[in-house]
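Please look over the sequence and the model, then read the points below.

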Amino acid sequence: MCSSRTRAPLPNTLSNVTASTGLASTPIRELRWRRDAARLTAGQLEAVRRGYRGMTELADERGYDFFAGLHGLPLPIECIHDAPTFLPWHRAFLYFFERALRDRSPEATLPWWNWATPDGEADVIPAAFADESADGAPNPLFSARVSEQAIAWARRAGQHVPGRTTFRDPGAGGRALPSKDQVDDLIAIRDFPTFSSELENLHGQVHLWTGGRGGHMRYVPWSSFDPVFWAHHCMVDRLWRLWQIRHNAVGPPEREWGQALPPFPVTVAQTLDVTRLGYDYASSTSSQTVEA
Ligand SMILES: [Cu+2]
């Protein structure tokens with residue numbers, strides 16, 4: 001799964017990482033770029049749609065239900081919240097999801113939903129994910145079917161089932177998306193544990209805003225079936241990356257680097273540098289990366 005190179009312990013600052021991996025001499029084209037969902041070209045968006053569509057057609061470990069089920073139902077629920085490994089665990093999760101996406105659509109990369117809303121602008125889900133149809137067919141980024149297995153598990157356990165097809169109820173729960181100012185303040189926090197838990201709080205606010213009064217995104221066991229879950233968590237991952245560049249630090253303290261992140265075959269250390277995972281975030285990070 002992972003090359004021996006990525007198994008080496010990571011140095012504790014990004015400049016050291018850069019030096020030791022020789023990133024400066026690595027052609028940038030070797031990285032895949034994750035992009036803003038609101039700024040995709042028609043071709044980039046089509047590649048993402050093809051990937052999602054392809055994944056929903058697979059019932060095995062390359063398929064959409066498999067990945068959505070890792071976060072929630074069917075049991076066991078593996079995802080880590082309210083813990084220092086919240087960010088590393090979800091970075092690994094997105095990494096393997098993106099690999100499966102690209103297996104179906106090699107040009108696709110995960111887009112992020114920039115939910116940091118400037119003052120005076122309306123809270124919205126990007127059209128790429130909010131349009132019900134695309135080119136005369138149902139938009140695979142708008143909603144997805146929840147796996148039968150997950151529903152069967154929930155019924156047996158007496159748990160609430162919001163619906164067999166994911167839906168959203170944006171803004172109807174009386175909440176707002178995080179503001180741009182809130183996100184700027186967040187990135188300025190120096191202390192990683194504080195940054196991580198504040199980011200997790202803002203992330204929870206987005207889940208509740210999107211799910212509204214009963215949509216899937218508001219429930220941990222169901223949220224990952226909603227296609228926008230991945231774009232939301234991509235934004236969370238991007239904010240960690242922006243924090244790393246801003247503070248020239250990786251984040252998690254060294255004592256946590258050896259920790260495993262089940263069910264993924266990686267440790268915390270292996271999640272610290274996105275360029276070692278082969279990707280980076282376009283535009284807002286690219287100039288810093290090239291200079292580094
Ligand atoms: Cu989440």
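Two residues are in contact if their C-beta atoms, placed from the backbone, lie within 7 Å. The model is predicted: local features need pLDDT of at least 70 and side-chain atom pairs count only at pLDDT 80 or more, while totals for chains, interfaces and linings use all residues. Residues are numbered from 1 along each chain as its sequence is written.

**Overall make-up**
- The protein chain has 12 helices and six strands, taken as DSSP runs numbered from the N terminus (helices H or I, at least four residues; strands E, at least two).
- Of the 292 residues in the protein chain, 40% are buried; buried means that 20 or more other C-beta atoms lie within 10 Å of the residue's own, with C-beta atoms placed from the backbone.
- Among contacts with a separation of 6 or more, 75% join residues 24 or more positions apart.

**The nonpolar core**
- A nonpolar core is a set of buried Ala, Val, Leu, Ile, Met, Phe, Trp, Tyr and Cys residues joined through C-beta atoms within 7 Å.
- The largest such core has 57 residues, and Trp113, Phe129, Ala231 and Met235 have the most contacts inside it.
- Helix α11 gives the largest share of this core, 10 residues.
- Beyond its neighbours within four places in sequence, Met235 is in contact with Trp112, Trp113, Asn114 and Trp115.

**Helices α9 and α11**
- The axes of α9 (residues 192–211) and α11 (residues 228–247) come within 11 Å and cross at roughly 155 degrees; axes are lines fitted to C-alpha atoms over the stretch in contact, and angles run from 0 to 180 degrees between N-to-C directions.
- The two helices α9 and α11 are therefore roughly antiparallel, a term for angles over 145 degrees.
- On the α9 side the contact is made by Phe195, Leu199, His203, Val206 and Thr210, and on the α11 side by Val228, His232, Val236, Leu239 and Trp243.

**Helix α4**
- Seven of the eight residues of α4 (residues 64–71) are buried, so this helix is largely enclosed by the rest of the structure.
- The buried residues of α4 pack against α3 (42–56), α5 (86–104), α7 (148–156) and α10 (220–223).

**Tyr281**
- Tyr281 lies in strand β6 (residues 279–281) and is buried, with 24 other C-beta atoms within 10 Å.
- Apart from its neighbours within four places in sequence, Tyr281 is in contact with Arg34, Arg238 and Arg241.
- The C-alpha atoms of Tyr281 and Arg238 are separated by 6.7 Å, although these residues are 43 apart along the chain.

Terms used:
Parallel < 35°, antiparallel > 145°, perpendicular 65-115°, else oblique. Buried ≥ 20, exposed ≤ 12 C-beta atoms within 10 Å, placed from the backbone.
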